[in-house]
Amino acid sequence: MWRNKKPDTPQGADLEPKNLQTNQLPKAAPASREGITNTDRDAVGPTEAMADRATARLGSSLHVKGEIWGNEDLYIEGTVEGLVHLDERKLMVGVTAKLTADVLAGEVIVYGSVKGNVRGTGKIEIKKDGSVNGDLTTAQIIIEDGAYFKGSIEIEKSAKKEGDKDVFSPTASAPATPAAGSEPKSI
């Protein structure tokens with residue numbers, strides 16, 4: 001009779017602390033990046049900006065000669081000589097990376113060293129310790145204080161901005177009624 005009595009306090013308001021070690025299994029350290037939270041990625045380095053999509057990675061001990069073509073984000077920490085072509089994807093050049101290559105990507109972020117021409121269809125960022133020796137072609141450029149850049153910059157208008165510009169052009173805002181004296185002509 002006494003054991004069937006319901007407690008007076010709500011179930012969510014358990015005031016007595018429980019020993020967590022006996023109620024939970026010990027967690028093993030994650031063997032891969034799957035168990036790392038976004039705040040842990042901040043401590044890892046510049047890869048937190050690429051956490052949303054799957055990212056390929058070239059480690060610091062790798063040396064690649066030739067062409068890299070792909071359709072996924074790429075984080076380079078090693079050495080690359082040749083061409084890097086990523087269709088509308090993001091390329092991050094890590095702090096230890098040394099590229100002697102021409103680059104074509106959607107977005108390029110440089111923490112390390114690049115010798116070659118860089119084309120970013122979206123934007124190019126050169127971080128404070130980054131170095132680029134070559135010509136840049138992009139719609140948006142960001143060069144932080146302390147970064148090294150030698151070359152020329154060509155700003156291209158993006159397709160979206162050109163479409164917006166047409167909406168406000170004088171020809172787009174012309175009246176819909178024909179001007180006096182002009183009549184439709186049949187062919």
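How much accessible surface does the protein have, and what share of it belongs to carbon and sulfur atoms? The accessible surface comes to about 13700 Å², of which 53% belongs to carbon and sulfur atoms, with areas taken from the Shrake-Rupley method using a 1.4 Å probe and, for residues, only the protein chains shown counting as cover. This is a predicted model in which local features need pLDDT of at least 70 and side-chain atom pairs count only at pLDDT 80 or more, while totals for chains, interfaces and linings use all residues. Residues are numbered from 1 along each chain as its sequence is written, and side-chain values use heavy atoms, with hydrogens and water left out.

**Overall make-up**

- The protein has 3 helices and 13 strands, where helices (H or I, at least four residues) and strands (E, at least two) are DSSP runs numbered from the N terminus.
- Of its 187 residues, 27% count as buried, buried meaning under 20% relative accessible area, exposed over 50%, and partly exposed in between (1.4 Å probe, protein chains only).
- Among contacts between residues at least 6 apart in sequence, 6% join residues at least 24 apart, a contact being heavy atoms within 4.5 Å.

**Strand β5 and its partners**

- Strand β5 (residues 90-93) is covered on both faces, with Lys90 and Met92 buried on one side and Leu91 and Val93 buried on the other.
- Strand β3 (residues 73-76) runs parallel to β5 and is joined to it by 3 bridges, pairing being assigned if DSSP finds at least two bridges between two strands; in this pair, Ile76 stands opposite Val93.
- Strand β6 (residues 98-110) also runs parallel to β5, through 4 bridges, and here Lys90 stands opposite Glu107.

**Salt bridges**

- A search of the whole structure finds 7 salt bridges, each defined as a side-chain nitrogen of Lys or Arg within 4 Å of a carboxyl oxygen of Asp or Glu.
- One of them joins the side chains of Glu77 and Arg57 at 2.9 Å, N to O, linking the loop between β3 and β4 (79-86), where Glu77 lies, to strand β1 (residues 55-58), which holds Arg57, over 20 residues of sequence.
- Glu77 counts as buried at 16% relative accessibility, whereas Arg57 is partly exposed at 49%.
- Lys123 and Glu107 meet in a salt bridge of 3.9 Å, N to O; because Lys123 lies in strand β8 and Glu107 in strand β6, the pair ties together parts that are 16 residues apart in sequence.
- Glu144 forms a salt bridge with Lys127, their closest N and O atoms being 3.4 Å apart, and this pair links the loop between β11 and β12 (148-150), the place of Glu144, with the loop between β8 and β9 (131-133), the place of Lys127.
- Salt bridges that share partners join Glu107, Lys123, Glu125, Lys127 and Glu144 into one network.

- Leaving aside neighbours within four places in sequence, Glu125 is in contact with Glu107, Val108, Ile109, Val110 and Ile142.
- Gln140, in the loop between β10 (136-138) and β11, is partly exposed at 39% relative accessible area, and its C-alpha atom is separated by 4.5 Å from that of Lys123, 17 residues apart along the chain.
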